[in-house]
Structure formats: C-alpha cells, structure tokens
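Hi everyone, thanks for coming along. Please have a look at the picture and keep the sequence beside it, and I'll walk you through it step by step.

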Amino acid sequence: QVQLVESGGGLVQPGGSLILSCTTSGTIFSIDAMGWYRQPPGKERELVARITSGGSTIYADSVKGRFTIARSDTKNVVYLRMNSLEPEDTAVYYCNVLGYPTMTSGPHDYWGQGTQVTVSS
C-alpha cells in the first residue's frame, strides 16, 4: 500500500513563509518525479513545482523566485519551501508522485490527501 502524507500547512501572514513536507511510504518500483500541486478556491488544480528523479526542477511562473522544491537524500520525502507568500497562494496543496507500481506496469499518479495553506492578514 502506497501512502503520501503532507504536513506543514496552516495560516500565515502575507510575506511570511511555510515549509510543506510530503512523506511517502509503501512500495513503488520506481519514481519518475515528485511534485506539488495546488487548488485555489474556485479554481482548477495547477502544478506548483516538480522535481525529477534526476534532480531537475520545474516551477510555475507564479511561484518562481519564491518557492523551492527539494527532496531528501533517501528520496522518500519531498519539501516545498514557500517564501514571500501572497493571498493568491491560498489553496489546498497536494503532494504528487509519478511512479511505476511494478516492474511491468505503466506509470501511475499517487496523491496525498492535501494540506490547506491560507495566506491572510
């Protein structure tokens, strides 16, 4: 059984910072990428940041220069450091893993339960 558990969300003032963590457990044969998505209220889910198994990163234009994605050396934890937070960053943030369940299977998207980030004064 594969499980992704996010933590670190909460209420923060504009201009503040938060660090989100996503811890994975269970068996995944291999992982192509890990990342963070978010869904603001009334809007569609969007990619925030992504890191591949090789360490390359992609960021949404709206968070470039403010957010940083990183992965633990053991590759079972992915972090999202969020600086200079704005009210527009308010959303439910979801951890995502693109991986392969078995040696012979196709790719599968794994998702965490989501953690709420609210930026408000």
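Let's start with R66, which is buried, with a relative accessible area of 12%. Buried here means under 20% relative accessible area, exposed means over 50%, and partly exposed lies in between, with a 1.4 Å probe and protein chains only.

A quick word on where the values come from. This is a predicted model, in which local features need pLDDT of at least 70 and side-chain atom pairs count only at pLDDT 80 or more, while totals for chains, interfaces and linings use all residues. Residues are numbered from 1 along each chain as its sequence is written, and side-chain values use heavy atoms, with hydrogens and water left out.

Back to R66, then. What does R66 form with E86? The two form a salt bridge, with the closest N and O atoms 3.9 Å apart. The pair links distant parts of the chain, since E86 is in the loop between β8 and β9 and R66 is in the loop between β6 (57-59) and β7, 20 residues apart. A salt bridge means a side-chain nitrogen of Lys or Arg within 4 Å of a carboxyl oxygen of Asp or Glu.

How many salt bridges does a search of the whole structure find? It finds five. One of them joins the side chains of R38 and E46, at 2.8 Å from N to O. R38 is buried, with a relative accessible area of 4%, while E46 is partly exposed at 30%. Now try to find these side chains together: R38, E46, R66, E86 and D89 are linked in a network of salt bridges. Another salt bridge brings together the side chains of D61 and K64, at 3.0 Å from N to O. D61 counts as exposed, at 66% relative accessibility.

Next, the inside. In soluble globular proteins, nonpolar side chains tend to be buried together. In this model, the largest nonpolar core has 26 residues. By nonpolar core I mean a set of buried Ala, Val, Leu, Ile, Met, Phe, Trp, Tyr and Cys residues joined through side-chain atoms within 4.5 Å. The residues with the most contacts inside this core are W36, V48, F67, V78, L80, M82 and Y93. Several strands each supply at least two of the core residues, among them β3 (18-25), β4 (30-39), β5 (46-52) and β9 (91-100). Which strand gives the largest share? That is β9, with four residues.

Let's zoom in on V48. Leaving aside its neighbours within four places in sequence, V48 is in contact (heavy atoms within 4.5 Å) with residues including W36, I58, F67, L80 and Y93.

Now for the disulfide, which means a pair of cysteine sulfur atoms within 2.5 Å. A search of the whole structure finds one. It joins C22 to C95, with 2.0 Å from S to S. C22 lies in strand β3 and C95 in strand β9, so the pair ties together parts that are 73 residues apart in sequence. The link between C22 and C95 is left-handed, with -85° about the S-S bond. Are C22 and C95 buried or exposed? Both are buried.

On to how strands sit side by side. Two strands pair if DSSP finds at least two bridges between them. β4 and β5 run antiparallel and are joined by six bridges, with W36 standing opposite A49 in β5. The hairpin of β4 and β5 has six residues between the strands, and G42 there takes a positive phi near 75°. β5 is also joined to β6 by three bridges, and these two run antiparallel. R50 has I58 in β6 as its bridge partner. The hairpin of β5 and β6 has four residues between the strands, and G55 in the turn has a positive phi of about 100°.

K75 has a phi of about 65° and sits in the loop between β7 and β8. S84 has a phi near 50° and lies in the loop between β8 and β9. K75 is partly exposed, with a relative accessible area of 45%, and S84 is partly exposed at 41%.
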